[in-house]
Amino acid sequence: MAARAVPLGLRHSGHWPGWVAAALVASVVLLPLLAVFWRAGGGSMPGPSDWAALRFTVLQALLSALFSVVLAVPVARALARRRFRGRGLLVTLMGAPFILPVIVAVLGLLAVFGRAGIVNQALGGIGLPPVQIYGLHGVVLAHVFFNLPLATRFLLQGWQGIPSERFRLAASLGFGPSDVFRQLEMPMLRTTLPGAAMVIFAICLSSFAVALTLGGGPRATTVELAIYQAFRFDFDLGRAAVLAVIQMAVVTVAALLAFRFGHINGFGRGLDRPFRRWEAEVWHLRILDALALVCAALFLLIPLAAVIWRGLPGLLDLPVQVWRAAIVSVVMALSSTLFAIILALCLAYLALARHRTEAIALIGVAVSPLVIGTGLFLLINPFSDPARWAFVLTSLVNALAALPFALRVLVPALRDIVRDYGPLADSLGMSGLSRLRLLVLPRLRRPLGFSAGLAAALSMGDLGVIALFADPERATLPLEILRLMGAYRMDTAAGAGLLLLAISLFLFWTFDRGGRRDVEA
């Protein structure tokens, strides 16, 4: 008899690949952190500009989280109580920011809200002053663009967690819209909103590309951007290390708070009957819901349409360095995808036997990529030129960023395979590589394809560690777009942005489609 519970199907498979993967993930994150801590001990105390960067970081994260969740409430409520043609497509659109390159979204926002954008042209036509896209306004606007869909998905899950029987009972008691909101929706929001807000707050704390492109000067500098500036412009390793420690502490506190408030109190189980909202069938609520959905769709789609419209003329006249950067980005994305899938498979097996080991993957995103890059620079610099290792290190860090998402998809699917086919595989003596090749991989094609597509798209749009290490000959496409924007070659940058968007979507579609092809055969 086993001394402890062992999942069927894992008894003979061995866990050493999982432990190797866990050790690699921990080493890539913890060793740079130790180097940062050690170097920070010799660094100077934070100066006034550093504390100003910290204040701005917290302020923009608070505002971004507040606006994202507040604006998400009417959108999520409209999606929860309306059924219409195209609803599934609109809900799918809410996941677009996960694969949308940040620099492409910034180009779209500049085309709409920039000095010569659509909004300012319209305001100038009626004699009103223009809106400002740079500084705090632009950073918050971009973060709301990315996180409004995420907040909507969080809140939509909360609404869908209320059993339809509760609404049936409310209708039988004659509840109106205000009664339903007070008795059913408000208790759900009290438990859901804090968790959603803290998750978005933690994400915005470590934002880099948005602050780099839309910050607008020293008064709008985040801690992450200050780390980058300390490296690239001042080469002040002590200051960069101190800022990295501050960044890590703030993000860790935010992550702990997000975990603390992330639990949702349920409303009990229902019978999964068809969902209907009798109290919401009055005409003025229909108009309000339609208005909320149209505004959200326009806010998400117009910047993307602007990127396509503005980028098409310059797509055929891109300079050779853009195509070279595109090749580097594709190779790096494929390498990151390979790293992410191998690590995710190994850790997924380990997570089935020791459930707490799944949390190992979270440390890769709990610590900012620039903090990891800071430590890697400190570790490599005494022995070699860090630029020579830019490709490998960036690929590995990008893989760690995609690892938690891949595990969220693979672990439940692998658990189902072990439960349904593990006893039969054990009775046939199937183990090792033959078990992986004949049993596991064919039934993991769909989640593997989705995970690979997500990892490739995230890596294509990354603008983090590569900004610390890369030289002009090894620049990725997002970094090349940033350089074009800095040279005020906005038409060329728009064309390169469209190329980046097309490649990211193509990679995601190719991997996801490949995982779903003949999956039922």
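T337 sits in helix α13 (residues 320-353); helices here are DSSP runs of H or I with at least four residues, strands are E runs of at least two, and both are numbered from the N terminus. With a relative accessibility of 4%, T337 counts as buried, a label that stands for under 20% relative accessible area, while exposed means over 50% and partly exposed falls in between (1.4 Å probe, protein chains only). If you skip residues up to four places away in sequence, T337 touches A452, A455, A456 and F511, where a contact means heavy atoms within 4.5 Å.

A quick word on ground rules. This is a predicted model, so local features need pLDDT of at least 70 and side-chain atom pairs count only at pLDDT 80 or more, though totals for chains, interfaces and linings use all residues. Residues are numbered from 1 along each chain as its sequence is written, and side-chain values use heavy atoms, with hydrogens and water left out.

**The chain as a whole**

The secondary structure comes to 21 helices and zero strands. Of the 521 residues, 52% count as buried. Take the contacts between residues at least 6 apart in sequence: 83% of them join residues at least 24 apart. The chain exposes about 25,000 Å², with carbon and sulfur atoms supplying 67% of that; the areas come from the Shrake-Rupley method with a 1.4 Å probe, and for residues only the protein chains shown count as cover.

| Residue | Relative accessibility | State |
|---|---|---|
| S504 | 0% | buried |
| A61 | 0% | buried |
| C204 | 1% | buried |
| C346 | 18% | buried |
| G514 | 34% | partly exposed |

Leaving aside neighbours within four places in sequence, S504 is in contact with I99, P101, A457 and M460. For G514, not counting residues up to four places away, the partners are R445 and W509. G514 also has its C-alpha atom 9.4 Å from that of L448, a residue 66 places away along the chain.

Over in helix α2 (residues 48-81) you'll find A61. Not counting residues up to four places away in sequence, A61 touches F201, C204 and L205.

As for the cysteines, the structure holds zero disulfides, a disulfide being a pair of cysteine sulfur atoms within 2.5 Å.

**A helix pair**

Two packed helices are described by the angle between their axes and the distance between the axes. Helix α4 (residues 102-113) and helix α5 (residues 118-125) pack at an angle of about 5 degrees, with axes 3 Å apart. The axes are lines fitted to C-alpha atoms, for helices over the stretch in contact, and angles run from 0 to 180 degrees between N-to-C directions. That makes α4 roughly parallel to α5: under 35 degrees counts as roughly parallel, over 145 as roughly antiparallel, 65 to 115 as roughly perpendicular, and the rest as oblique.

Which residues make the contact? From α4 come A111, V112 and F113, and they meet I118, V119 and N120 in α5. The residues of this contact divide into five nonpolar, one polar and no charged; Ala, Val, Leu, Ile, Met, Phe, Trp, Tyr, Cys and Pro count as nonpolar, Asp, Glu, Lys and Arg as charged, and the others, Gly among them, as polar.
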